[in-house]
Amino acid sequence: MNKKTTGIIAGAAGAALLLAGSTFALWSDSGKAPGGVITSGNLDVDVVGTQWKDVSADRADSPHNIDLASFKIVPGDTIQGEYAVDAGLQGDNLVANLALKDGGALTGALKSGLVDVEYTVLDSDRNEVATGSSSGVDVTLASSDNSAPGTLAKLPSATDGTTDFTVVVSVTFDQSTSDRDLVQAQAELAGSTIQLSQVRA
């Protein structure tokens, strides 16, 4: 083979190397990163019972269960409605606000300032944890698996049909009401929404 032919072959080989890239294959290795399942927590609330009672201090059998539809309130009376609340929270950082909203608004003739509405929230042992006026009441809670430090009351991870909190609505008819003021009057106690909402500090 002559020098010219050899030169052409060498040049073609060099061009092929350039087209293929100028790097060399060196050792390499890889490892598979494990996957995982990301699971969300839980937030749930239900009202599992309601009961109204006459708790007037001068009634011999106080507290006495009443039917709100047929009970006739008079000056000096105090009646209480109790809403049994079943709530559940689950999440390592879950904190939520339990609030009674839109309650206590009286409509009708008894909306005169002579009827007072207040709210109290009791825990499962019936210890008072929050109070509020007719504008509502709220309390901040944490999930039972919340690992953050703090002294917030904690809820189980899910609703289970049992009472975790009781919201007490107290209605008092001012005993200083005179003459025939507000006789045979009616008022509607607005329905209340018990709301559980996640909050972030």
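This is a predicted model: local features need pLDDT of at least 70, side-chain atom pairs count only at pLDDT 80 or more; totals for chains, interfaces and linings use all residues.
Colleague: What makes the contact of Asp54 with Arg59 a salt bridge?

Modeller: The closest N and O atoms of Asp54 and Arg59 are 3.5 Å apart, and the cut-off asks for a side-chain nitrogen of Lys or Arg within 4 Å of a carboxyl oxygen of Asp or Glu, so the pair qualifies as a salt bridge.

Colleague: Which residues are linked with Arg59 in a network of salt bridges?

Modeller: Asp54, Arg59 and Asp61 are linked in such a network. The side chains of Asp61 and Arg59 meet at 2.4 Å, N to O, which is within the 4 Å that the term requires. Asp61 has a relative accessible area of 37% and is partly exposed.

Colleague: How many salt bridges are found in a search of the whole structure, and what distance is given for Arg126 and Glu82?

Modeller: The search finds three salt bridges. In the one that Arg126 forms with Glu82, the side chains meet at 2.9 Å, N to O. Arg126 lies in the loop between S6 and strand S7 (128-132), whereas Glu82 lies in strand S3, so this pair ties together parts that are 44 residues apart in sequence. With 45% relative accessibility Arg126 counts as partly exposed, while Glu82, at 15%, counts as buried.

Colleague: What else is noted about Arg126 in the hairpin of S6 and S7?

Modeller: This hairpin has four residues between the strands, and Arg126 takes a positive phi near 65° there. S6 and S7 run antiparallel and are joined by four bridges, where at least two are needed for strands to count as paired; Leu122 has Glu128 in S7 as its bridge partner.

Colleague: How do you know that S6 is largely enclosed by the rest of the structure?

Modeller: Seven of the nine residues of S6 are buried, and that is why S6 is described as largely enclosed. With S10, strand S6 pairs in the antiparallel sense over nine bridges, and Ser170 in S10 is the bridge partner of Glu118.

Colleague: Why are S2 and S7 called the edges of the open sheet?

Modeller: The six strands of the open sheet follow the order S2-S1-S3-S10-S6-S7, with antiparallel pairing. Strand S2 (64-66) and S7 each have a single partner strand, so one side of each is left without a neighbour in the sheet. Neighbouring strands of this sheet are turned by 30° against each other on average, direction ignored. Strand S1 (residues 42-54) pairs with S3 in the antiparallel sense over 12 bridges, and Lys53 stands opposite Gln80 in S3.

Technical notes:
Residues are numbered from 1 along each chain as its sequence is written. Side-chain values use heavy atoms; hydrogens and water are left out. Buried means under 20% relative accessible area, exposed over 50%, partly exposed in between (1.4 Å probe, protein chains only). Helices (H or I, at least four residues) and strands (E, at least two) are DSSP runs, numbered from the N terminus. Axes are lines fitted to C-alpha atoms, for helices over the stretch in contact, and angles run from 0 to 180 degrees between N-to-C directions.
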